[in-house]
Amino acid sequence: MRAAVAERAELLWETARALHADPENAFAEHRAAALLTARLEEAGFAVERGTAGLPTAFTARSGQGRPAVALLLEYDALPGLGHACGHNLIAAAGLGAALAVDAVLGGSAGCVMAVGTPAEEGGGGKATETEAGVFDGVDAALMFHPGVYSWSRAPLTAQVQYRVAFHGRAAHPTGNPTEGVDALAALIELFNVLAGLGRRLPPASHVQGIITHGGTATNIVPEYAEGRFGLRAATTGELEDLTGRLRDCAEGVALATGTRAEMVRATPRYEHFRDSAVLSDRFTGHLARAGITLTPPVPGVQLGSSDIGNVSTRVPAIHPFVAIMDDGSDHTPEFAAAAASPRARDVLVAVTGALACTAADVLLSTDLREEAWERHRREED
């Protein structure tokens, strides 16, 4: 399997560099999707474009039926920062692993899928694909993420955003001040209430908000005010609880201020990530043979959220982090530069080999699949 990856190493690096040089944002990754699907079609994969009704999503298959393994490709960039999250490497690694497994097994052991998943940075392509049934009938979903840590699993939280609006009544602040109902004052009071709530939340839970509409003129009592609030929590259950608290706070403020509150979800909900320890252990072992050691994550350190969490609710999944720089953070210009560095190339080749070997293990070992599914179902209970 590693020999098959080595034969394609230059192709994979050229793909990663091409994506890096031409970043496209969420749901606009047309050139990236075209490049990746072309590579897959050249290798004989059957490609379906527009998967789940998303123009820049795709599913490429070699072989049919079960067992089936999905390699996940992310390729959206960050506005103004390019590939400062390293999705160019994720796409190239998923592509390379799919090509290598196909070259070695030729579809004889089941189905190899390369799934193009747009808009991880905002929009949640995997969430839409999961709801559309793309991962039904899949035995494992595999991907990696470049980072500043080398961790065997990803401590990824659940997250969602809500739009909260208050409706009041306009008035002139000097002409008829008693007739006004200040919607902006209600929104500001919600921020104050949430600040107090924040001191009583679980360690990984928080609410962060901004004002998106606060009125139209200084001499008019605002009849409408709106904020956008990002909620995160360690688990999906805790996120649901936090959502309920936000709603209670908004309704309480509305009651106290004589306004009417309106709360609408503004983004797809990202579930928390459920790691398949069985498969992560396999990947970790394969990567160690390439000279990269992964450790468990540092307790208490969270690394944001991802729509891979939604996939992990349906099938056994892995999302290890592998460092391409030692200091700093992703979502920075420095990380964008690191995603096209010589170290990134070495990581790409090593990780692609480990993903391909893990995928082959899933396809060839009934015992491994049964163990992964048994652990997955047990953790659902």
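**Strand S4 and its sheet**

Biologist: In which sense do strand S3 and S4 pair?
Modeller: Strand S3 (residues 68-73) pairs with S4 in the parallel sense, over 6 bridges. Pairing needs at least two DSSP bridges between two strands; strands (E, at least two residues) and helices (H or I, at least four) are DSSP runs numbered from the N terminus. This is a predicted model, where local features need pLDDT of at least 70 and side-chain atom pairs 80 or more, while totals for chains, interfaces and linings use all residues. Residues are numbered from 1 along each chain as its sequence is written, and side-chain values use heavy atoms, without hydrogens and water.

Biologist: Which residue in S4 is the bridge partner of Ala-70?
Modeller: That's Met-113. From S3 the chain passes through helix H4 (residues 87-105) to reach S4, a right-handed β-α-β crossover (clockwise from first strand over helix to second, with the strands pointing away from the viewer).

Biologist: And strand S2, what sense there?
Modeller: Antiparallel: S2 (residues 58-62) and S4 share 5 bridges, with Thr-59 opposite Val-115.

Biologist: New topic! What's the strand order in the open sheet?
Modeller: The 6 strands run S1-S2-S4-S3-S5-S11, with mixed pairing. S1 (46-49) and S11 (317-318) are at the edges with a single partner strand each, so one side of each has no neighbour in the sheet.

Biologist: What stands opposite Leu-142 in S11?
Modeller: Ile-318 does. S5 (residues 140-142) and S11 pair in the parallel sense over 2 bridges.
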